[in-house]
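Please keep the sequence and the structure in view while reading.

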Amino acid sequence: MSMVLVVAMLGTGFVFADTEESEPEQPINIDEFQIHPYTSVSTVLVMQPNDYTCGPASAYIALYGCGVAGSISGANVQAKIDTLATAMQTDSNGTFVYKIANVMNNYITNKLYTYTLCTGTAIFSDYVYSSLSNGRIPILHAKTTSLPYFNGNTIYHYIAVQAYDGPNLTLTLYDCNNTSTYYGIHSVTFSAAYNSVAGRYLINYH
């Protein structure tokens, strides 16, 4: 397996590079995509237990939003994330995108997850909105340089999207990062979110 494929498909949570300021936000043309109304899915924020379990932790956030977290084996949230990590074959290199989608689909019976290569703002806007409006929290397979709250740090990282606010062109992210600086609920611009996954993957229902 080539290193290029590994980087494209895995999310680790490790910091690969530091810069002094965030990557400048690339401008987007709002005429190139449809602006949808506000939509969201109620869920909980959890913290990933270590540096490389952002995939299973983000999946737990999404599955909680589906109303099926109770069916995940484990006595508590930590144990449930461990169950997902084992099923996804997560290791110190992270988790493959397709394994996250496949394991999540073991817990739901309809509106199944898939994954989409983000090759334009229209695809991103439509698929994030469609997923959320159907009760399925999408997950960014992000390169975090463009996200302001990462202050220029580059991490290949999974992040759940809890809300899409088309009128204000913002997304609400539930970030499970185990570093307190990044962990939490963050409102980011549409362009910052899109730039984090441009040429990368979105785990979503469509």
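Helices (H or I, at least four residues) and strands (E, at least two) are DSSP runs, numbered from the N terminus. The model described here is predicted.

## Strand S7 and its partners

Strand S7 covers residues 154-165, and 12 of the 12 residues of S7 are buried, so the strand is largely enclosed by the rest of the structure. Strand S6 (residues 139-143) runs antiparallel to S7 and is joined to it by 5 bridges; within this pairing, Lys143 has Tyr156 of S7 as its bridge partner. Strand S8 (residues 170-175) is likewise antiparallel to S7, with 5 bridges between the two, and here Ala160 stands opposite Tyr174 in S8. S7 and S8 form a hairpin in which 4 residues lie between the strands, and Leu169 in the turn has a positive phi of about 50 degrees.

Strand S3 (residues 39-40) also pairs with S7 in the antiparallel sense, over 2 bridges, and Ser40 is placed opposite Ala163 in S7.

## Gln162 within S7

Setting aside residues up to four places away in sequence, Gln162 touches Thr39, Ser40, Val41, Ser42, Thr43, Leu132, Thr172 and Tyr174. Among these contacts, Thr39 and Ser40 make up the span of strand S3 (residues 39-40), while Thr172 and Tyr174 fall within strand S8 (residues 170-175).

The largest nonpolar core has 56 residues, of which Leu84, Met104, Tyr113, Phe124, Leu171 and Leu173 touch the most other members. Helix H2 (residues 54-66) gives the most to this core, contributing 8 residues. Tyr113, when its neighbours within four places in sequence are left aside, is in contact with a set of residues including Ala62, Cys66, Ala101, Met104, Asn105, Ile108, Ile137 and Ile203.

Helix H4 (residues 97-105) is mostly covered, with 7 of its 9 residues buried; these are Val97, Lys99, Ile100, Ala101, Val103, Met104 and Asn105. Of these, Ala101, Met104 and Asn105 are also among the contacts of Tyr113.

## Aromatic pairs

The structure holds 8 aromatic pairs. In one of them, the rings of Tyr149 and Phe150 have their centres 4.7 Å apart and their planes at 40 degrees, so the pair is tilted, and both Tyr149 and Phe150 are buried. Elsewhere, ring pairs link Phe124, Phe190 and Tyr194 into a cluster, and Phe124 is also one of the core residues that touch the most other members.

Ala198 lies in the loop between helix H6 (190-197) and strand S10 (201-204), and it counts as partly exposed because its relative accessibility is 35%. Although Ala198 and Cys118 are 80 residues apart in sequence, their C-alpha atoms are 5.3 Å apart in space.

How values were computed. Residues are numbered from 1 along each chain as its sequence is written. This is a predicted model: local features need pLDDT of at least 70, side-chain atom pairs count only at pLDDT 80 or more; totals for chains, interfaces and linings use all residues. Side-chain values use heavy atoms; hydrogens and water are left out. Contact means heavy atoms within 4.5 Å. Rings of Phe, Tyr and Trp (its six-membered ring) pair if their centres lie within 6.5 Å; planes under 30 degrees apart count as stacked, over 60 as edge-to-face and the rest as tilted. Buried means under 20% relative accessible area, exposed over 50%, partly exposed in between (1.4 Å probe, protein chains only). Two strands pair if DSSP finds at least two bridges between them. A nonpolar core is a set of buried Ala, Val, Leu, Ile, Met, Phe, Trp, Tyr and Cys residues joined through side-chain atoms within 4.5 Å.
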